[in-house]
Amino acid sequence: MKIIFSYLLIATSILSVNAQESDRIFKRFKGDVSLGVALPTGSTANGGILFAMEPKFALMNKLSVGLRIEGCSYGQVYRQHS
């Protein structure tokens, strides 16, 4: 039952989104780039930067498939025990 509900929800959301469609030009290849802050938990970790890249290929005007590539860079704090 959950699988059928999931398929119906996805199909409904794909077919019902029509915002600003008439002004857009159809492009086969798209991509997104994101930057953020990495906040790890723990006493020996510092914050850092988070980056993500998502290239996409459009199958139809409202449906595209892609791959999300993420990574982060943060520093370690080394404490000297006395």
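The structure contains one aromatic pair (rings of Phe, Tyr and Trp, the last by its six-membered ring, with centres within 6.5 Å; planes under 30 degrees apart count as stacked, over 60 as edge-to-face and the rest as tilted). The pair is formed by F29 and F57 in a tilted arrangement, with 5.2 Å from centre to centre and 55° between the planes. Because F29 belongs to strand β1 (residues 29-38) and F57 to strand β2, the pair ties together parts that are 28 residues apart in sequence. F29 counts as exposed, at 64% relative accessibility, whereas F57 counts as partly exposed, at 31% (buried means under 20% relative accessible area, exposed over 50% and partly exposed in between, with a 1.4 Å probe and protein chains only).

The model is predicted, so that local features need pLDDT of at least 70 and side-chain atom pairs count only at pLDDT 80 or more, while totals for chains, interfaces and linings use all residues. Residues are numbered from 1 along each chain as its sequence is written, and side-chain values use heavy atoms, with hydrogens and water left out.

The protein chain comprises one helix and four strands, arranged along the sequence in the pattern α-β-β-β-β (helices, H or I of at least four residues, and strands, E of at least two, are DSSP runs numbered from the N terminus). Of its 82 residues, 9% count as buried. Among contacts with a separation of 6 or more, 46% are between residues 24 or more positions apart (contact means heavy atoms within 4.5 Å). The accessible surface of the protein chain amounts to about 7,500 Å², and carbon and sulfur atoms contribute 62% of that area (Shrake-Rupley method, 1.4 Å probe; for residues, only the protein chains shown count as cover).

Three salt bridges were found in a search of the whole structure (a side-chain nitrogen of Lys or Arg within 4 Å of a carboxyl oxygen of Asp or Glu). In one of them, D32 pairs with K56, with the closest N and O atoms 2.9 Å apart. This pair links distant parts of the chain, D32 lying in strand β1 and K56 in strand β2, 24 residues apart. D32 is partly exposed at 35% relative accessibility. Not counting residues up to four places away in sequence, K56 touches R28, F29, K30, D32, S64, V65 and G66.

E54, R68 and E70 are linked in a network of salt bridges. R68 meets E54 at 3.2 Å, N to O; since R68 lies in the loop between β3 and β4 (69-76) and E54 in strand β2, the pair ties together parts that are 14 residues apart in sequence. R68 also forms a salt bridge with E70, where the closest N and O atoms are 2.5 Å apart. Both R68, at 46% relative accessible area, and E70, at 49%, are partly exposed.

A nonpolar surface patch consists of F29, F57, L59, M60, L63 and V65, which together have about 560 Å² of accessible area (patch residues have over 30% relative accessible area and no salt bridge; like charges are joined within 9 Å, and nonpolar side chains, Val, Leu, Ile, Met, Phe, Trp and Tyr, within 5 Å). Within this patch, L63 is located in the loop between β2 (45-58) and β3 (64-66). F26, in the loop between α1 (2-16) and β1, is in contact with A58, M60 and N61 when neighbours within four places in sequence are left aside.
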